[in-house]
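Here are a few exercises to work through with the coordinates open.

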Amino acid sequence: MTQVKIICIPILPMGMVNAYLLQGPDGCVLIDAGIPGSEQKIGRTLAKERLTFKDIKLIIITHAHVDHAGSAARLRELTGAPILAHEGDAKHYSREEEMTFCPTGRFARLFYRTGFILQPYEGFMPDLLVTGQQAMDLQAFGIPGTVIHTPGHTSGSISVELESKEAMVGDLLASGILLGGIMRKSHPIRPPFEDDPHRVAEELLRLLSSGHQTFYLGHGGPLGAAEVRRHADYLRSLPNGPRA
């Protein structure tokens, strides 16, 4: 099995916003692009690993929220790498349609009022568009893994499954107090916004049934399988379905 090094890139301190670099023997894949202006932090992480922007062969954006897609267009310029995303969020990436936000609780409603999640970012069209339930093999980019559609957080959310049974799941769940790793980093929580918690539970259980043991998150983490299963069971117990 090809070894893949997973490098967490702290876009904001204490795990509040994470991007990830997957380093294989023949190049790197970047998962998520952070808020606008994150290219400098990503560049510093690359330099620590003795890499440059040109070592990135693919940029995967897990969904269209600003803290994941904000620097995608700029990073495409710097790296020359294509952007891969799902068609379900395509009109949000291009800025043709505004996103809707379904808060998961009181903190989420307060967070929404700060305007952070509403920041504008430079629109773009993904170069590689995952459609429907299509899966995309990453072997061509030097990574033994697959991009899969995992809706529920947004309609176009995607995750990366590695052959090592590690999964990069964006915002299917988060961890910590409020958001990130301030305290209780190993305790799963719902992200501030979530379209359909029951669908998220289905996707997490499917990943668990495939044998995934470690889950890397956009906020906080990583989490082990037992904690992810507990969270999925909690989501299934919620009384409301879509738009909870």
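**Exercise 1. A pair in helix 7**

With which residue does Arg230 form a salt bridge, and how far apart are the closest N and O atoms? Keep in mind that this is a predicted model.

*Solution.* 
- Step 1: The partner of Arg230 is Glu227, and the closest N and O atoms lie 2.8 Å apart. The cut-off for a salt bridge is 4 Å, so this pair qualifies.
- Step 2: Now place the two in the chain. Arg230 and Glu227 sit 3 residues apart in helix 7 (residues 225–237), so about one helical turn separates them.
- Step 3: Check the accessibility. Arg230 has a relative accessible area of 42% and is partly exposed; Glu227, at 26%, is also partly exposed.

**Exercise 2. Salt bridges elsewhere**

Find out how many salt bridges the model has, then look at the pairs Glu203–Arg199 and Asp127–Arg76.

*Solution.* 
- Step 1: The count comes to 9 salt bridges.
- Step 2: In the pair of Glu203 and Arg199, the closest N and O atoms are 3.2 Å apart. These residues are 4 apart in helix 6, which means about one helical turn lies between them.
- Step 3: Glu203 is buried at 5% relative accessibility, whereas Arg199 is partly exposed at 29%.
- Step 4: Widen the view: Arg199, Glu202, Glu203 and Arg206 are linked in a network of salt bridges.
- Step 5: Asp127 and Arg76 also form a salt bridge, with 3.0 Å between the closest N and O atoms. This pair connects distant parts of the chain, 51 residues apart: Asp127 is in the loop between helix 5 (106–113) and strand 6 (128–130), and Arg76 is in helix 3 (residues 72–79).
- Step 6: Asp127 is partly exposed with a relative accessible area of 42%, and Arg76 counts as partly exposed at 22%.

**Exercise 3. A strand with two partners**

Is strand 2 (residues 17–24) largely enclosed or open, and which strands pair with it?

*Solution.* 
- Step 1: Strand 1 (residues 5–12) pairs with strand 2 in the antiparallel sense over 7 bridges. The two form a hairpin with 4 residues between them, and Met14 in the turn has a positive phi of about 60°.
- Step 2: Strand 3 (residues 27–31) also pairs with strand 2 in the antiparallel sense, over 5 bridges; here the hairpin runs through 2 residues.
- Step 3: Trace Leu21 in strand 2. Ile7 stands opposite Leu21, and in strand 3 the bridge partner of Leu21 is Leu30.

Methods: Residues are numbered from 1 along each chain as its sequence is written. This is a predicted model: local features need pLDDT of at least 70, side-chain atom pairs count only at pLDDT 80 or more; totals for chains, interfaces and linings use all residues. Side-chain values use heavy atoms; hydrogens and water are left out. Two strands pair if DSSP finds at least two bridges between them. A salt bridge is a side-chain nitrogen of Lys or Arg within 4 Å of a carboxyl oxygen of Asp or Glu. Buried means under 20% relative accessible area, exposed over 50%, partly exposed in between (1.4 Å probe, protein chains only).
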